[in-house]
Amino acid sequence: MAAMLTIDDLRTSFIQAGKKLTVIEGVSLSVEPGETVGVVGESGCGKSVTSMSIMQLLGRNVEMTGSIRFQDKELLSLTDKQMQTIRGNQIAMIFQEPMTSLNPLHSIGKQISEPLRRHLGLSKQEAKRRTIELLKEVGIPRADEIISDYPHQLSGGMRQRVMIAMAMSCAPKLLIADEPTTALDVTIQAQILELMKKVRQEQGTSILLITHDLGVVAEMCHRVIVMYAGQIVEEADVKQLFDEPKHPYTRGLLKSMP
Ligand code: ADP
Ligand code: MG
């Protein structure tokens with residue numbers, strides 16, 4: 001079977017005041033159908049820029065070379081409009097702090113049901129019904145009341161559940177999760193990981209899971225990639241990484257584990 005995602009020699013640079021600052025320096029990786037691949041590495045090594053490069057959410061002052069293939073499509077040669085469609089119903093992304101990606105001015109119900117209407121063509125009634133169903137699936141109590149709440153009225157864990165419901169509403173083939181549990185309490189972290197496992201099992205979603213927590217890697221991932229200063233320095237099966245880490249950075253990371 002063909003890979004779900006294949007990145008080949010990706011270079012991402014920001015253009016600032018006429019200068020070019022390259023922060024991703026030749027990253028290559030792949031995610032197979034149904035596979036969860038972890039990306040670890042210290043703060044500032046380029047994990048988020050890699051995920052934002054895949055989603056093409058870095059704005060105008062950016063230059064990307066290399067190749068990002070999603071199934072049979074080369075994402076770097078799609079138009080903005082085509083890319084928008086892919087983001088709408090094939091690749092979903094969740095972030096560390098859902099507050100930055102939830103609209104504070106719109107109710108939870110509106111934020112989930114509008115994409116359902118737009119991308120799946122559901123009627124207002126159908127979209128509302130499906131929204132409540134999705135919120136129940138991600139373990140939100142009183143879902144029929146929560147739909148009229150605004151993001152600030154929910155806890156961090158609840159907001160992350162809403163983000164997962166939104167991400168899953170169009171049954172994406174690939175989920176990019178950028179530190180999805182970092183901002184949450186430990187018990188809530190475990191619940192969110194369980195939820196991601198459930199979604200993966202039910203929908204067969206491939207996941208690119210960015211984290212700096214090796215515990216999360218051990219629990220969720222099949223394979224793991226270690227980034228350092230914009231490059232991949234190690235790639236291994238999870239067991240292999242824990243048993244015989246090769247790169248000094250990976251060894252340091254393992255030593256710092258509780
Ligand atoms: P992390 O691995 O912590 O997610 P990032 O991918 O966010 O790291 O950042 C990688 C590098 O790119 C950092 O040095 C960061 O300062 C830089 N960077 C991120 N976004 C921008 C931007 N919009 N403009 C310029 N530099 C950026
Ligand atoms: Mg980041």
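This is a predicted model: local features need pLDDT of at least 70, side-chain atom pairs count only at pLDDT 80 or more; totals for chains, interfaces and linings use all residues.

Author: Gly38 stands opposite Leu209, a residue of strand S8. Strand S8 covers residues 206–210, and four bridges join S8 to strand S3 in the parallel sense. Gly38 has a second bridge partner, Val224, in strand S9. Strand S9 comprises residues 223–228 and pairs with S3, again in the parallel sense and over four bridges.

Strand S3 itself runs from residue 36 to residue 40 and is mostly covered, with five of its five residues buried. Thr36, Gly38 and Val40 point one way from this strand, whereas Val37 and Val39 point the other way. The residues pointing in both directions are buried. Such an arrangement may be set beside a general rule: in a regular strand the side chains alternate between the two faces of the sheet.

The largest nonpolar core can be considered next. This core has 64 residues, and those with the most contacts inside it are Ala165, Ala167, Leu174 and Leu208. Helix H6 gives the most to this core, namely eight residues. When neighbours within four places in sequence are left aside, Ala165 is in contact with Ile112, Leu134, Leu135, Glu137 and Val138.

Helix H6 covers residues 156–168, and the loop between H6 and strand S7 (174–178) holds Ala171. Ala171 is not a glycine, yet its phi is positive, at about 45 degrees. In general, most residues other than glycine have a negative phi. Ala171 counts as partly exposed because 15 C-beta neighbours lie inside 10 Å, a number between the limits of 12 or fewer for exposed and 20 or more for buried.

Antiparallel pairing is found in another sheet-forming region. Here an open sheet of four strands has the order S2-S1-S4-S5. Strand S2 (19–31) and strand S5 (73–74) are its edge strands, each of which pairs on one side only. Strand S1 spans residues 5–16 and is joined to S2 by 10 bridges in the antiparallel sense. Leu10 stands opposite Val27 of S2, and Gln16 stands opposite Lys19 of that strand. Strand S1 also runs antiparallel to S4, with eight bridges between them. In that pairing, the partner of Phe14 is Val62 of S4.

Ala17 lies in the loop that links S1 and S2, and phi of Ala17 is near 50 degrees, a positive value in a residue other than glycine. Ala17 is exposed, because 6 other C-beta atoms lie within 10 Å.

Lys20 has its place in strand S2. Lys20 is likewise classed as exposed because 9 other C-beta atoms lie within 10 Å. With neighbours within four places in sequence left aside, Lys20 is in contact with Ser13 and Ile15. Between Lys20 and Cys221 there are 201 residues in sequence and 34 Å in space, from C-alpha to C-alpha.

Helix H1 (residues 47–55) lies across S1, S2 and strand S4 (62–70), and runs at about 80 degrees to S2. Ligand 1 is surrounded by residues that include Phe14, Leu21, Val23 and Gly41. Also in that surrounding set are Ser43, Gly44, Cys45, Gly46, Lys47, Ser48 and Val49. The elements that give two or more residues to this shell are S2 and H1, and the largest share, three residues, comes from H1. By class, the shell around ligand 1 has five nonpolar, five polar and one charged residues.

Technical notes: Residues are numbered from 1 along each chain as its sequence is written. Chains are lettered from A and ligands numbered from 1 in the order in which they are written. Two strands pair if DSSP finds at least two bridges between them. Two residues are in contact if their C-beta atoms, placed from the backbone, lie within 7 Å. Axes are lines fitted to C-alpha atoms, for helices over the stretch in contact, and angles run from 0 to 180 degrees between N-to-C directions. A residue is near a molecule or strand if its C-beta atom, placed from the backbone, lies within 6 Å of it. Ala, Val, Leu, Ile, Met, Phe, Trp, Tyr, Cys and Pro count as nonpolar, Asp, Glu, Lys and Arg as charged, and the others, Gly among them, as polar. A nonpolar core is a set of buried Ala, Val, Leu, Ile, Met, Phe, Trp, Tyr and Cys residues joined through C-beta atoms within 7 Å.
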